[in-house]
Amino acid sequence: MSPASSYAELPDGADPRFGIEAVWLSLAGHARTYRVLPDGRCDIILRFCASPGPIKNISVVVTGPTTAHYDVPIQPGIGFTGIRLRPGFFQTVLGFKPVALREKTLVDDAAISACPLLATLCIEADRPEALPDRLIDFVRSRIGQDHAPLPGQTRRILSAFHASSGRLPVQDIAQLHGLSARTVQRIVLDATGLPPKSYARILQFHRAMRLLRDHRLRPSEAALEAGYADQAHMTHALRRFGGLSPARLADVTLVTLRE
């Protein structure tokens, strides 16, 4: 990412009790294209003009779970702040299942039509820094102080997918938890909006990306560690999910995906 632009996850933003995986802020210093990678998550995003003074024109965007990358053109001076929801919390916050938004994005009127309370996020703000807190307050109010935790069975199934970085087959996870494969499929689809195989492959893709970029493993080593059959198999996954090759990962933003 260019030094003139920034993306940062706020250190105190995550709050698993309320399904908040991360709160992030992105400011564009120049015109560019931002590549969004599939991560099995849904975000609520506010778009604004990052100029000094009150922020008047605030747009709201809700992104659904995707299985492919896409590029977003960004103009200089435009800011984005978003809240990434953990699997299992989307319906409580927005009132409909994430599968209804699979491979889709709702913008402004379409988002507010789907969840009218989102309009409260678009009122004028004194300063850009107030917007992340506004998102946090919105999600917390929707979850409620007396919120029920994520059902234990759902939590354990999702944890198994993360612990194995998507390498365990659905049938194995079902057997480990004394469930049918169909039950596991229903749990994952309800929580993430994605079929279990798609969710697993996305987790595996992110694991490979981390091994290559952050741990600087050689492609053959990363492929083995991430559970791919071979390097060619991993390269195919990088192209499919990210439009990337192992040699061109430096400019990609990898978001935090917690178990």
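This is a predicted model: local features need pLDDT of at least 70, side-chain atom pairs count only at pLDDT 80 or more; totals for chains, interfaces and linings use all residues.
Residues are numbered from 1 along each chain as its sequence is written, and side-chain values use heavy atoms, with hydrogens and water left out.

Okay, the domains. Domain 1 is 6-143 and domain 2 is 152-242, with bounds from an automatic or database domain assignment. Their centres, taken over C-alpha atoms, are 25 Å apart. At the interface, 17 residues of domain 1 touch 19 residues of domain 2, contact being heavy atoms within 4.5 Å.

Now, how many salt bridges cross that interface? The rule finds 1 between domain 1 and domain 2, and it wants a side-chain nitrogen of Lys or Arg within 4 Å of a carboxyl oxygen of Asp or Glu. The count by this rule comes to 12 salt bridges. One of them joins Asp-71 and Arg-35, with the closest N and O atoms 2.8 Å apart. That pair links distant parts of the chain, 36 residues apart: Asp-71 sits in strand β6 (residues 70-74) and Arg-35 in strand β3 (residues 32-36). Lys-97 and Asp-190 also form a salt bridge, at 3.8 Å, N to O.

On to the helices, which are DSSP runs of H or I, at least four residues, while strands are E runs of at least two, all numbered from the N terminus.

Take helix α4 (residues 152-163) and helix α7 (residues 196-213): their axes come within 9 Å and cross at roughly 40°. The axes are lines fitted to C-alpha atoms over the stretch in contact, with angles from 0 to 180 degrees between N-to-C directions. So α4 and α7 are oblique to each other. On the α4 side you'll see Leu-158, Phe-161 and His-162, facing Pro-196, Tyr-199, Ala-200 and Leu-203 of α7.

α4 also packs on helix α6 (residues 181-192), at about 90° with axes 10 Å apart. That makes α4 and α6 roughly perpendicular, a label for 65 to 115 degrees; under 35 is roughly parallel, over 145 roughly antiparallel, and the rest oblique.
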